[in-house]
Amino acid sequence: MQRILMVCLGNICRSPLAEGILREKTNQLSINIIIDSAGTCDNHVNQNPDSRTIANAKKHHIDISKLKARQFSVSDFDNFDLIFVMDSSNYADVIALARNENDKQKVELILNRVYPNSNMSVPDPYFGGEQGFENVFILLDNACNIIANSLIKS
Ligand code: 4NP
């Protein structure tokens, strides 16, 4: 069974949404998978997702209200096969904790699944308005469609 971890900075906006979207899609496709999310910082540990993210997910019929933020740890390299990061700063922070080449190979910018080799970031919506959250949803929905389809074929 594949194990996929979504990572952002606070684990209250982008990565819990990515977790919820991918869980929804894999459930619909009856794919057995372990999905989790984490943040590179510890500022929001044990908090539920940001209320604006919960509202955005709900608008798309996805419930992420009960998720709880946690911080990324080195053991995640052992517990997951793929680690999708949202932006280049998350990428640098996670790679800095990698113990070897095998750990590094697991880490991927999630939008590279949509726009290969572009190294684009999912913009941080935290300090913006509602449109920023919808924009994040659209980006992550596209990426998770591609990820879910790749799991059918793998
Ligand atoms: P996230 O968004 O990394 O997508 O969860 C953020 C959440 C909190 C903060 C920044 C980004 N913050 O500065 O507290």
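In this predicted model, the side chains of E19 and R23 come together in a salt bridge, with 2.9 Å from N to O. Both E19 and R23 belong to helix 1, which runs over residues 14–28. Four residues separate E19 from R23, or about one turn of the helix. Side chains of opposite charge can pair when their charged atoms come close.

The space it takes up is the largest pocket. Around the ligand sit C8, L9, G10, N11, I12, C13 and R14, along with H44, D124, Y126 and F127. Sorted by type, this shell has six nonpolar residues, three polar ones and two charged ones.

The side chain of R14 puts an N or O atom 2.8 Å from a ligand oxygen. At C13 it is the backbone that takes part, with an N or O atom 2.9 Å from an oxygen atom of the ligand. As for cover, the ligand on its own has 360 Å² of accessible area, and the protein covers 90% of that.

Notes: Residues numbered from 1 in each chain as written. Predicted model: local features only at pLDDT ≥ 70, side-chain atom pairs only at ≥ 80, totals over all residues. Heavy atoms only, no water. Near = heavy atom within 4 Å. Polar contact = N/O pair within 3.5 Å; in protein donor to acceptor, adjacent residues only side chain to side chain. Areas by Shrake-Rupley, 256 points an atom, 1.4 Å probe, with all protein chains shown as cover. 1 Å grid on protein atoms, 1.4 Å probe; cavity = no way out; pocket = protein on both sides within 12 Å on 5 of 7 lines; lining within 4 Å. Sits in = over half its atoms within 2 Å of the grid points. Nonpolar A, V, L, I, M, F, W, Y, C, P; charged D, E, K, R; others polar. Salt bridge = Lys/Arg side-chain N within 4 Å of Asp/Glu carboxyl O. Helix = DSSP H or I, 4+ residues; strand = E, 2+ residues; numbered from the N terminus.
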